[in-house]
Amino acid sequence: MGPQIIQILYWLALSTWFGGALFVALAAPVIFRIVREADPMLPTVLSVNLEQQHATLLAGTIVGGLLGMLRKVEIVCAGMLLVLLIAQWILLPHDQGSVVQGLVRSALYLAAVALVLYDWLFLSRRIDTARKEYLDHADEPDVANPAKDRFDQYHRESVTVLGILLFLLLGVVLFSAGITYTVALR
C-alpha cells in the first residue's frame with residue numbers, strides 16, 4: 001500500500017469519525033428542543049407520572065438511535081485508524097519532530113478509543129438499564145424517580161464523554177496536519 005493511499009484512507013477514517021461525533025453533538029440538542037416544542041404524546045407509554053416527559057423520552061430514543069449508529073461507525077473508523085497508524089509508523093521518517101507528533105497522535109487516538117469502548121461497553125448499558133427501569137416503573141414514583149435520576153446522571157456523563165472525544169479527535173486532526181512522506185524517485 002503506497003503512502004498516498006495510506007494518507008487518503010487515514011484522513012477518510014479520521015474525518016468520518018470526527019464528523020460523525022460532531023454531527024451527533026450538534027444534532028442532539030436540536031432534536032431535544034424541536035421535539036419538546038412539539039410536545040408529543042407517546043401512546044405506548046401511558047402513565048400519569050410521565051406527564052410532560054413524553055417529548056424527552058421520544059427525543060432520547062431518537063438520539064439514542066443516532067448514538068448507536070455512531071458507535072458502529074466509531075468502531076470501524078478506530079479499527080481502520082489502528083492499521084493506518086501502524087503503517088504511518090513504518091513509513092514516516094523518524095526525525096525528532098515527526099516522532100513526537102506521532103507519539104502525541106497515537107496517544108490521543110488511544111485515549112479516544114478508550115472513551116469509545118467505555119461509552120459502548122459500560123455507559124450506554126447503564127443508560128439503557130436506567131431508562132428501562134424508569135419506564136417499567138413509571139407508576140411507582142419510589143422506583144421511577146431514582147431510576148430517572150440515574151438516567152439523567154448517565155446522560156450528563158455521556159454528553160461529557162462525547163465532548164472529550166471530540167477534543168481528542170480534534171487533537172488527532174491537528175497533530176496529523178504535518179504528516180509528510182519522503183518518496184524515493186526511481
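**Entry 1: Fold**

In what order do the elements of the protein run from the N terminus on? I read the order as α-α-α-α. I note at the outset that this is a predicted model. My tally of the elements gives four helices and zero strands.

I then looked up the contacts between residues at least 6 apart in sequence, and found that 80% of them join residues at least 24 apart.

**Entry 2: Burial and surface**

I next asked what share of the 186 residues in the protein is buried. The computed share is 38%. For the accessible surface of the protein I noted a total of about 10900 Å². Carbon and sulfur atoms account for 69% of that surface.

**Entry 3: The largest pocket**

How much space lies in the largest pocket? I recorded about 500 Å³. Its lining consists of 23 residues, and I listed V63, G64, L67, H155 and S158 as the closest to the centre of the pocket.

I also looked up which helices contribute to this lining. At least two lining residues come from each of α1 (3-38), α2 (54-91), α3 (96-136) and α4 (141-176). Sorted by class, the lining holds twelve nonpolar residues, eight polar ones and three charged ones.

**Entry 4: Aromatic pairs**

I turned to the aromatic rings. A pair of aromatic rings is described by the distance of the centres and the angle of the planes. With centres within 6.5 Å as the criterion for a pair, I counted three aromatic pairs.

One of them joins Y10 and W11, with ring centres 5.7 Å apart and planes at 85 degrees. I checked the exposure of both residues: Y10 is buried, with a relative accessible area of 0%, whereas W11 is partly exposed, with a relative accessible area of 29%.

Another pair is formed by W17 and Y109. Which parts of the protein does the pair of W17 and Y109 tie together? I located W17 in helix α1 and Y109 in helix α3, so the pair links parts that are 92 residues apart in sequence. Are W17 and Y109 buried or exposed? I found W17 buried, and Y109 buried also.

Definitions and conventions: Residues are numbered from 1 along each chain as its sequence is written. This is a predicted model: local features need pLDDT of at least 70, side-chain atom pairs count only at pLDDT 80 or more; totals for chains, interfaces and linings use all residues. Side-chain values use heavy atoms; hydrogens and water are left out. Buried means under 20% relative accessible area, exposed over 50%, partly exposed in between (1.4 Å probe, protein chains only). Contact means heavy atoms within 4.5 Å. Accessible areas come from the Shrake-Rupley method with a 1.4 Å probe; for residues, only the protein chains shown count as cover. On a 1 Å grid over the protein atoms alone, a cavity is a set of points where a 1.4 Å probe fits but cannot get out, and a pocket is an open set with protein on both sides within 12 Å along at least five of seven lines; lining residues have an atom within 4 Å of a point. Grid points are joined across faces, edges and corners, and a volume is the space filled by probe spheres set on the points. Ala, Val, Leu, Ile, Met, Phe, Trp, Tyr, Cys and Pro count as nonpolar, Asp, Glu, Lys and Arg as charged, and the others, Gly among them, as polar. Rings of Phe, Tyr and Trp (its six-membered ring) pair if their centres lie within 6.5 Å; planes under 30 degrees apart count as stacked, over 60 as edge-to-face and the rest as tilted.
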